[in-house]
Amino acid sequence: MSEPRTLLLELHCEEIPARFLRPLTDELEEKLAGFFKAQGLDLPSEDDNESTSFVQGLFSPRKLAWMVLNLPERQPDQTEVQVGPPQRMCVDEAGAPTQTGLKFAEKWGVPYSEVRFELPKGKKEPCAVLTLTRPGRPTVDLLAEALPRLIASLHVPKAMRWGNSDFEFVRPIRNILCLFGETVVPFELDGVKASDSTWGHRLHHREHPEPVLLLRPEYYESALEQAGVVASFDLRRERLAAELERLAAEAGGRVVEDEELLDTLALIVEVPHVVRGAFPESFLSLPKEVLVTSLKEHQKSFCVEDAEGRLLPLFLSAANRRDDPAGFVQAGNEWVLKARLYDARFFFAEDRKAPLESRLEKLKNLTFQQQLGSYFEKTERIMALTGPLAPRLGLEEALAREAARLCKADLRTLMVGEFPELQGIMGGEYLRHEGAPEAVWRAVKEHHRPAGAEDHIPATPLGGLLAAADKLDTVCGCFAVGIIPTGSKDPLALRRAGQGVVRIAWEQAWGISLSDLISAGMAVSASRATGEAAATKEALASFFQDRVAYQLEMAGFAGSVRRSALAVGWSDLVDLRARCEALSAFAEDARFASLAQSAKRIGNILKDEPPGPGLDPSALVAPEELALSARLAHLEATKDHPSLLSDLAELAGPLEAFFTAVMVKCEDAKLRDARLGLLRRLRETFLRVADFSLWQ
Amino acid sequence: MHIQDLILRLQAFFAERGCLIGQPYDIETGAGTMNPLTFFGVLGEKPWNVAYVEPSRRPADGRYGENPFRVYQHLQFQVILKPSPARVQDLYIESLSALGIDFSKHDLRFEEDNWESPTLGAWGVGWQVVLDGMEISQFTYFQQAGGINLKPVSAELTYGMERICMFLTGQDNIFDLVWGDVKTDLGTTPVTYGQVRQRHEYELSAYSFEHADLDFHWHLFNAHEKEGWRLLKDLGHFYSAYEQALKMSHTFNVLDARGAVSTTERPGIIKRVRDLACGCARAYLDFETAAPAGGAV
């Protein structure tokens with residue numbers, strides 16, 4: 001076989017939406033790998049059984065490209081087995097071939113002598129069998145046949161048509177480059193013929209009208225770089241990040257980091273270049289969040305802050321060209337940003353002309369969810385939740401109600417209309433300007449937190465209460481009207497909301513159980529409920545148990561700790577956390593094995609026992625069981641989990657003595673009940689911490 | 001570069017490249033797409049290239065002539081190319097060069113922005129075109145209009161004329177733009193956008209936000225709907241019925257700016273406009289099929 005070669009396929013399109021670049025590249029990568037495998041083109045390497053050919057995807061705004069290394073020039077010869085009619089029909093009594101037998105050989109174009117008889121899998125009698133060898137085909141032919149089909153099979157969520165064709169793709173395909181080694185793979189897709197050339201950066205070709213010719217696939221990235229395109233996403237991202245950092249440092253600040261924004265920029269430019277611009281200092285009077293959001297959402301720009309986190313009147317934007325020779329790019333961005341900030345300042349000023357509470361009335365015709373009513377009604381439910389919960393968390397009830405009353409009012413402000421991601425934040429800012437109590441404006445400002453797993457929970461206790469109450473109402477209300485997440489379906493992000501409730505209660509160490517919270521949440525939406533209360537409660541309990549399990553995982557507890565601790569209680573988070581911490585610590589202790597052993601011994605003997613009467617200590621007689629009973633009294637008086645675990649580990653000796661000395665299931669019914677009762681009480685002591693039978 | 005120079009240059013550019021030069025419609029529209037030259041032009045199979053400027057009214061965007069960037073009515077330059085040509089992006093870039101934009105010094109991006117008009121039952125995919133960080137155009141491949149799948153597909157280019165003019169002249173205030181020069185025996189006087197438009201902006205903003213009579217507008221909305229369906233159903237007249245749909249759309253926009261439409265009512269109201277517009281589109285196609293040489297656009 002001759003030398004393996006490299007394959008390069010590039011679809012050059014009109015600008016592909018940033019969000020589809022990676023998924024489309026990955027999908028064809030997978031499909032190509034599957035195709036090569038099916039065609040026997042994935043050469044095994046000499047050292048191991050791994051395939052040496054692999055597909056590397058590259059994407060930039062106008063290009064989806066795949067590079068495949070080490071593809072053989074020709075497919076290995078292919079053998080296939082054909083099963084024909086049963087032997088009895090192919091051979092007559094004298095052993096000579098029948099008409100049927102001869103026809104079978106003829107059908108596959110081989111002499112009858114190649115037919116053999118054996119019992120194929122799944123058949124009940126021997127049949128005529130042929131092993132056929134097809135010579136392997138040239139890889140280039142296989143590719144020419146398969147590529148149009150594979151490309152057309154890509155899953156495009158928002159497909160479009162163009163011109164006068166029925167062909168659908170993510171954006172019009174304007175050029176196809178496809179080289180196998182130095183050979184063009186000859187195929188056509190919707191009238192576009194594959195060739196050995198492509199196009200570089202749009203603006204590059206205004207000065208160099210010729211296409212970029214490629215002699216070999218290996219030159220792809222360097223040829224494109226010369227034509228103004230950085231083919232690799234990672235490289236574009238890296239260069240952008242470095243340039244952002246450098247330009248911010250030059251201005252005496254640092255970039256207000258935003259990984260998502262950096263990704264976006266690397267997806268929308270063909271060549272990375274960062275432009276630094278300034279905006280009038282007077283705009284710094286706007287809240288920082290407004291500036292950061294406005295710059296990000298409208299201009300895809302980064303803010304720059306000083307060491308104390310104060311913004312500088314600067315921004316950093318990506319341009320889709322290598323330089324800014326006349327300063328037009330910077331000036332243009334500055335001009336637009338000024339217009340945007342002018343708008344933001346207009347909103348900020350307009351919104352403050354009337355107090356925030358004047359928007360409450362307008363919440364009545366803003367629907368939260370059809371069955372759950374308006375935001376006005378949601379506000380009332382949040383108030384009904386926060387009011388009674390506040391004293392239980394040592395918070396002032398009046399403040400909690402006030403924060404709840406105002407927390408959704410900013411949905412009717414101009415600023416939040418423009419930037420929905422500022423909800424809560426603006427309400428807080430406006431209240432601060434109105435002179436509301438600090439606890440209130442802070443709580444409103446942070447009540448949307450945590451926005452996700454990466455985000456912090458509210459920093460203040462009242463903020464935590466308000467945030468949790470809002471989310472609790474959303475979850476319980478939706479469950480009550482039958483909106484319950486299943487599988488990948490969770491359109492209202494209830495899991496995230498539920499996780500937020502658990503995280504806040506966990507991190508702020510609330511002395512209120514989740515069961516209590518569920519009941520409270522159900523009570524405020526009871527008038528809207530469409531389902532059976534008992535069923536809703538059960539669904540909520542199961543839902544929150546899952547959230548708690550995830551919380552334990554996020555907190556870094558080992559699987560054995562999580563399983564065994566959760567099994568004996570999930571609702572009281574403070575206790576759960578203490579148990580998990582004690583278990584994690586004690587799991588390292590040398591005596592842990594003996595504790596687990598004791599739990600197991602007790603568990604085994606009680607395994608098939610029905611529940612019996614309680615322990616009657618007066619019925620116990622043997623010194624060993626009296627000693628064990630004394631231990632029990634001591635264990636039951638031990639309050640904190642670390643001491644309890646330590647004491648439980650000391651139980652092994654007395655337990656051993658007990659089992660050696662007494663026969664638990666003795667003839668005397670009264671004595672047997674007493675002994676079983678003693679063991680049950682001991683088991684309950686273990687179960688105060690965890691179910692050790694789930695420890696692995 | 002004055003506002004009127006931009007319009008003249010774009011008209012000349014597209015006329016030279018095989019477009020009819022259309023005229024704005026004389027009924028209130030919110031965008032160039034609503035002009036029958038586009039709404040009906042993109043339907044059916046026959047080739048169709050047209051370009052025109054469309055004064056577009058957006059009552060909720062009114063700022064009493066006080067905001068330097070936002071206005072009640074702005075000028076959209078609209079181009080329809082059917083079927084969308086293979087070189088459509090290059091053609092678009094050339095049109096910007098014709099306005100004097102030198103691409104050896106500017107940054108240009110096409111960022112995903114899909115367009116949808118629920119009142120017209122129309123949607124398409126495309127981009128907002130961003131020049132040096134500013135959105136100057138909307139570029140759309142029409143996939144559906146009047147609820148009908150389009151084949152061939154039209155490319156729609158829309159240019160925000162004031163923005164482009166402000167950008168090219170470095171102006172910070174829309175009302176300071178020069179519309180054009182008036183030359184008389186007394187000499188040459190530059191006339192600003194503000195002189196032409198500012199008082200109009202003030203009055204129409206005040207009307208949309210404060211003075212428009214709600215009962216009157218609800219009455220209009222219902223009456224236009226009734227009239228539209230009568231024309232369409234009884235007579236099969238799609239042009240006159242479509243005018244009623246346009247009037248419904250504008251009336252709705254005024255009511256919306258006055259805050260008279262609740263979020264819950266909104267989708268239902270929009271659907272009433274869409275139903276009539278879609279009915280007109282179907283009637284137009286029926287007419288085209290029956291009389292391919294007929295006078296419809």
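How far apart do the C-alpha centres of domain 1 of chain B and domain 2 of chain B lie? They lie 24 Å apart.

This is a predicted model, where local features need pLDDT of at least 70 and side-chain atom pairs count only at pLDDT 80 or more, while totals for chains, interfaces and linings use all residues. Residues are numbered from 1 along each chain as its sequence is written, and chains are lettered from A, with ligands numbered from 1, in the order in which they are written.

**The two chains**

| Chain B | eight helices, 11 strands | about 55 × 50 × 45 Å |

Chain B has a radius of gyration of 20 Å, close to the 19 Å that the globule rule gives for 297 residues, so it is as compact as a globular protein of that length. The radius is taken over C-alpha atoms, and the rule is 2.2 Å times the number of residues to the power 0.38. Chain A has 36 Å, whereas a compact globule of 696 residues would have a radius of gyration near 26 Å.

As for burial, a residue counts as buried if 20 or more other C-beta atoms lie within 10 Å of its own, exposed if 12 or fewer, and partly exposed in between, with C-beta atoms placed from the backbone. On that basis, buried residues make up 40% of the 696 residues in chain A and 45% of the 297 residues in chain B.

Then there are contacts, meaning pairs of residues whose C-beta atoms, placed from the backbone, lie within 7 Å. Of the contacts with a separation of 6 or more, residues 24 or more positions apart account for 67% in chain A and 65% in chain B.

**Inside chain B**

Back to those two domains: domain 1 covers 3-184 and domain 2 covers 213-290 of chain B, with bounds that come from an automatic or database domain assignment. Where they touch, 21 residues of domain 1 of chain B are in contact with 21 residues of domain 2 of chain B. The domain 1 side of that contact divides into 12 nonpolar, seven polar and two charged residues. Nonpolar here covers Ala, Val, Leu, Ile, Met, Phe, Trp, Tyr, Cys and Pro; charged covers Asp, Glu, Lys and Arg; the others, Gly among them, are polar.

**Where the chains meet**

The contact between the chains takes 33 residues from chain A and 31 residues from chain B. On the chain A side, β16 (311-319) and α10 (328-351) are the elements that give two or more residues. The most come from α10(A), with 10 residues. That side of chain A divides into 17 nonpolar, nine polar and seven charged residues.

Helix α19 of chain A (residues 533-554) has 22 residues and reaches 31 Å from its first C-alpha to its last, close to the 32 Å expected, which is 1.5 Å times one less than its number of residues. Its buried residues are A:T536, A:L540, A:F544, A:R547, A:V548, A:Q551 and A:L552. Seen down the axis of α19(A), they fall within an arc of 140°, so they line one face of the helix; the arc is that of the directions from the helix axis to the C-beta atoms. The cover over them includes α16 (461-480), α17 (494-507), α18 (514-524), α20 (559-566) and α21 (573-587) of chain A. On the other side of α19(A), A:A534, A:A535, A:E538, A:S542 and A:E553 are exposed. Just after α19(A), A:G556 takes a positive phi of about 90°.

Terms used
Contact = placed C-beta atoms within 7 Å. Helix = DSSP H or I, 4+ residues; strand = E, 2+ residues; numbered from the N terminus.
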